[in-house]
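The report below then takes up a few of them in turn, together with some points of backbone geometry.

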Amino acid sequence: MATNRTGAAQRPNGAPQTKVCQFKLVLLGESAVGKSSLVLRFVKGQFHEYQESTIGAAFLTQAIRFDDTTVKFEIWDTAGQERYHSLAPMYYRGAQSAIVVYDITNQDTFGRAKNWVKELQRQASPSIVIALAGNKSDLAAKRMVEFEEAQAYADENGLLFMETSAKTAMNVNDIFLAIANKLPKSEAGAAGAAGGGRRLADGEQPRPSQCCK
Amino acid sequence: MATANDDEILEGFLCPICKADLKSASQLTNHFESLHQEDQDVLKSLKDIFGKAKTIILNNDNADLKETFARALKFNYQDYYDEEQVIGVSRSSTDYFKGVRFSRLERYATETNKLLIRLDKLICNMPSDPHQRKIHEQDAVPWLDGSSVNLCPNCAKPFHLTRRQHHCRLCGSILCHDCSVFLDIEVAKTIINPSAPKPVSNPELKLTEKNGLRLCEHCYNLIKLRKQVQETRNTKTELVTAYEEMRSLMEQAKPAVAMYEKMCQSLFDGETTYNMSDVNAMRGRIGKLAEGIDLLSKQIVSFPAEPGTRQARLQNAIRQAAGHYIKEDLLSLRKLPTEAQIEEVRRQRYERAEKQIQMERERMERERQRREGAPGAAPPPALTPAGAQHDDDDDNPLLEQMNIIRGYIKEARQELRFEEVAILEANLKELKKEYKLQKLSSRS
């Protein structure tokens, strides 16, 4: 069973056999759905009732121990406000994983999340692992987005899906763990992670110049 | 424990690559685009290509290689071949070229012009007396002082009693007799004044001090070059002359064809303005023009030209155009009506006219009867001009006029000026009508 010891093995000095894989993870979603809270809960185990709005983006790291591998997440928590939308491509470019967050009490945020998924599928690395997180599951009484609906959408698009609550910490670690589980942890994957760039699929070889034949 | 996740959470406009805080969204975008965008993509794609190449080479995987080539080829021909390429960024170097060319031309042009001005001075009012002429020459172009020059600057042979110092009449430099060239004064005159009559060139005639100007080779070459340019500019090649002649024939043919059409139409209409022989003469004239054009175009195409060159193409094109013109415009003339047809048409016309006259007469008759039936009506006025009293006389001015016009028509016909013929014929017809009216009124 994989254990999640928060920040247990940042450096594998003590364990010579341990592999370290570094992954870039980006959080996307409408503003005030709880992206920063989710990350704060995952990285620090904290929750602030009145979390301030993120400006630009926030950068955090967190490592989790995973059998004989240490997975280190470089987390880019982007600002959800519309005016920062244009910055997002910079952050999800070269990311190996993304968490698209919506608020289960707000149908609009779910629609926005779908748009984010679409954008990622089009513009991000083709091998990106996308997780859909329906946050604020503690407010299930005010639910506007049905679990089944979201689950169906996630299945359709090959996304990981969980309903989470940063407040109660429900499913928070699990969703990161699930992502770590799904990411390739071979040497190649790690190398690709280090490169941080876009992986060109076979189909999109750079076309040779047609200028002088 | 790690530092980053514990103590600080970076927040702000962070560059995703170097994690610097750029303070504003626009600064971040600029920073990212200028510093990271390219190297990231380019490096990555290069890495991929090299990586691929490496594996191909190391594994010696022919199948893979073949597939790569096949894909490359397929896409060359299928995806891109049909697409028209848009011209990319282009830059005109014409100005640069002109600048370079101008300065080079200028170097020769100014020098040549200077020489021409001197030549003009020399040639104008050149005294025939040798002594006077020498003074005149030195007046136009100052000669170099030869006292310290011991060797010919051109051939480096020493000057002595038999190898005398001479001067170029255009630049005044020193040279020996062997190095000097003579320019025929008559030729020089044509250079100064291109409209002057061309001298009859006589190659046997040895040019000497007397009938030529002593020049150094340099000046001579410049002057000769200018003369060649002048000649090529002013003389027309055989081809141009032939072509111009052909064009003028075509210009002549145009009104002739129009005239012929008109005459034909008039014949078909049964008018008597033109004779059959007139029309035939016109036809003959057009035929002659066509023949001339054909001959000239044949001449043009037979001028020697390398096959495939632009000149050869031009000659062929002229020949084709001429042939086409002849076929379309000159030989497609309307067929003439036969004499019988003309007779028929004329007869019909005559009958029609007769009938009309008959009807007119009957109408007049009826009117007169009616008037006679109505008493008190004034008798029809018999206004007869004084001259009509002795009609059939030769001195009737109308008859005289008609005779004059007939003479004119004859002349015009001989000179094939058929437009004039038409006008005169019309005039004559009017006169005839007038004359008939006169006769009728005098009789009644």
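K432(B) is placed in helix α13 of chain B, in a model that is predicted. With a relative accessible area of 39%, K432(B) counts as partly exposed, because a residue is called exposed over 50% and buried under 20%. On the surface, K432(B) is one member of a patch of positive charge, in which it gathers with R349(B), R352(B), R406(B), K429(B) and K436(B). Two helices of chain B, α11 (339-373) and α13 (418-443), each supply at least two residues of this positive patch. The helix that gives the most to the patch is α13(B), with 3 residues.

**Salt bridges**

Over all chains, the structure holds 19 salt bridges. Side chains of opposite charge can pair when their charged atoms come close. Three of these pairs are set out in the table, each with the separation from nitrogen to oxygen.

| Pair | Distance (N to O) |
|---|---|
| K136(A) and D103(A) | 3.1 Å |
| E360(B) and R363(B) | 3.0 Å |
| E367(B) and R371(B) | 3.5 Å |

The salt bridge between K136(A) and D103(A) links distant parts of the chain, since K136(A) sits in the loop between β5 (129-135) and α4 (147-157) of chain A, while D103(A) belongs to strand β4 (residues 97-103), and the two are 33 residues apart.

**A buried histidine in chain B**

H166(B) has its place in strand β2 (residues 166-167) of chain B. Is H166(B) buried or exposed? H166(B) is buried, with a relative accessible area of 18%, because this lies under the 20% limit. The side chain of H166(B) is joined to the side chain of R214(B) by a polar contact of 3.4 Å.

**Backbone angles**

Most residues other than glycine have a negative phi. Against that background, which residue in the loop between β6 (160-163) and α5 (172-182) of chain A deserves a look? In that loop lies N171(A), which has a positive phi of about 65° although it is not a glycine. N171(A) is partly exposed, with a relative accessible area of 25%.

In chain B, A156(B) likewise has a positive phi of about 65° without being a glycine. A156(B) is found in the loop between α5 (130-140) and β2 of chain B.

Terms used
Residues are numbered from 1 along each chain as its sequence is written. Chains are lettered from A and ligands numbered from 1 in the order in which they are written. This is a predicted model: local features need pLDDT of at least 70, side-chain atom pairs count only at pLDDT 80 or more; totals for chains, interfaces and linings use all residues. Side-chain values use heavy atoms; hydrogens and water are left out. Patches are made of residues with over 30% relative accessible area and no salt bridge: like charges are joined within 9 Å, nonpolar side chains (Val, Leu, Ile, Met, Phe, Trp, Tyr) within 5 Å. Accessible areas come from the Shrake-Rupley method with a 1.4 Å probe; for residues, only the protein chains shown count as cover. A salt bridge is a side-chain nitrogen of Lys or Arg within 4 Å of a carboxyl oxygen of Asp or Glu. Lys and Arg count as positive and Asp and Glu as negative; His and the chain ends are not counted. The place of a charge is taken as NZ of Lys, CZ of Arg, CG of Asp or CD of Glu. Helices (H or I, at least four residues) and strands (E, at least two) are DSSP runs, numbered from the N terminus. Buried means under 20% relative accessible area, exposed over 50%, partly exposed in between (1.4 Å probe, protein chains only). A polar contact is a pair of N or O atoms within 3.5 Å; within protein, one must be able to donate a hydrogen and the other to accept it, and residues adjacent in sequence count only if both atoms are side-chain atoms.
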